[in-house]
Amino acid sequence: MRVDPFYVSNLANALNQTQSTQQQLSTELASGLRVSQIGDDPVAAAQNVQLLNNIQEDDSFTQTSTLTQGRLQVTDSTLGDVVTQLNQAISLAAQANNGTLDASDLKAISSQIAGVRDEVLSLANTSYQGQYLFGGSDTGTTPFTLDTSTTPATVTYNGDSDVTSLVSPTGQSIQLNLPGNQVFTSATASVLGTLNSLVADYAGGTNAGGAADTASLNTALNFVSQQRVTIDNSITRLTAASGVATEQSTQLTGVQTDLMQANVATISTQLALAESQQTGLIAVISSLGQGSLFDKL
């Protein structure tokens, strides 16, 4: 009978391979990971990197949206307070315009509207976590300053007109701010400008243009309400996008776990088989040392 001269060598190689397999399976069982380095499974390792990047993007968006929602909610609340103040000013102006008040009453209403103007100015300069809400992208500068040395008084906007936005992992762009010049000093509906005009209208104890300026203030009120709708929509969209990102992150984490995590039951079975193969190979190799190889044929 012809004997394979590489018989013993092949047995030794098989034993080495079995031991290597056993060691790898033992490592996977101990670490709980099927892939611990690129060489274990290059395709799975590459997929894992992509999954981790996507998970990080989702988690980052969720964290950012949480902080941003707080800012948007304060913006919405501030605009709600502005609406309340403007309604009060309109009510005062309506009293002044009814033709029954004397000069002293008109001057008193002028002072009251000036108080409303100051409150609206304060609201326009609201900050959240150290950043001004209505400065556009210039969140570190007080947006509005008042100059009462003129008649009527004037307001200067110190911010910019930049609208900032946040893009969700699905590519949805969500508006995050309202530049102050768009809300409070618009050329078509100037909240602060109209309030200054009303203050001046009644300051001398007469009604000089109060009716027209009251109509302008109603227009400004409607405009502020429309701007508030924009913020409300952003809050709704951001909340929904954050929920999608959180759900997607959870799903991707599950996929990533399944991809990288070791299957304990399967590995235990494979390890037991490898150990049996090792025991068998050792027994065969050991028996070869007991007598001639030809005695085994």
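This is a predicted model: local features need pLDDT of at least 70, side-chain atom pairs count only at pLDDT 80 or more; totals for chains, interfaces and linings use all residues.

Let me begin with the core. The largest nonpolar core comprises 48 residues. Within it, the residues with the most contacts are Leu-86, Val-120, Phe-184 and Leu-195. At least two residues of this core come from each of α2 (42-96), α3 (103-124), α5 (191-203) and α6 (210-260). The most is given by α2, with 11 residues. Setting aside residues up to four places away in sequence, Leu-86 touches Val-120, Val-191, Leu-195, Leu-217, Leu-221 and Val-224.

I turn now to the helix pair. How do α3 and α5 pack? Their axes are 8 Å apart, at an angle of about 160°. Because that angle is over 145 degrees, α3 and α5 count as roughly antiparallel. Their crossing is left-handed. On the α3 side, the contact includes Leu-106, Ile-113, Val-120 and Leu-121; on the α5 side, Val-191, Leu-192 and Leu-195 are among the residues involved. By class, this contact has 14 nonpolar, 2 polar and 2 charged residues.

Finally, consider Leu-121, which lies in helix α3. Is Leu-121 buried or exposed? Its relative accessible area is 12%, and so Leu-121 is buried, the cut-off being under 20%. Beyond its neighbours within four places in sequence, Leu-121 contacts Phe-144, Leu-146, Val-155 and Leu-192. Phe-144 lies 23 residues from Leu-121 along the chain, and the C-alpha atoms of the two are separated by 7.1 Å.

Methods. Residues are numbered from 1 along each chain as its sequence is written. Side-chain values use heavy atoms; hydrogens and water are left out. A nonpolar core is a set of buried Ala, Val, Leu, Ile, Met, Phe, Trp, Tyr and Cys residues joined through side-chain atoms within 4.5 Å. Buried means under 20% relative accessible area, exposed over 50%, partly exposed in between (1.4 Å probe, protein chains only). Helices (H or I, at least four residues) and strands (E, at least two) are DSSP runs, numbered from the N terminus. Contact means heavy atoms within 4.5 Å. Axes are lines fitted to C-alpha atoms, for helices over the stretch in contact, and angles run from 0 to 180 degrees between N-to-C directions. Angles under 35 degrees count as roughly parallel, over 145 as roughly antiparallel, 65 to 115 as roughly perpendicular and the rest as oblique. A crossing is left-handed if the near helix is turned anticlockwise from the far one by less than a right angle, and right-handed if clockwise. Ala, Val, Leu, Ile, Met, Phe, Trp, Tyr, Cys and Pro count as nonpolar, Asp, Glu, Lys and Arg as charged, and the others, Gly among them, as polar.
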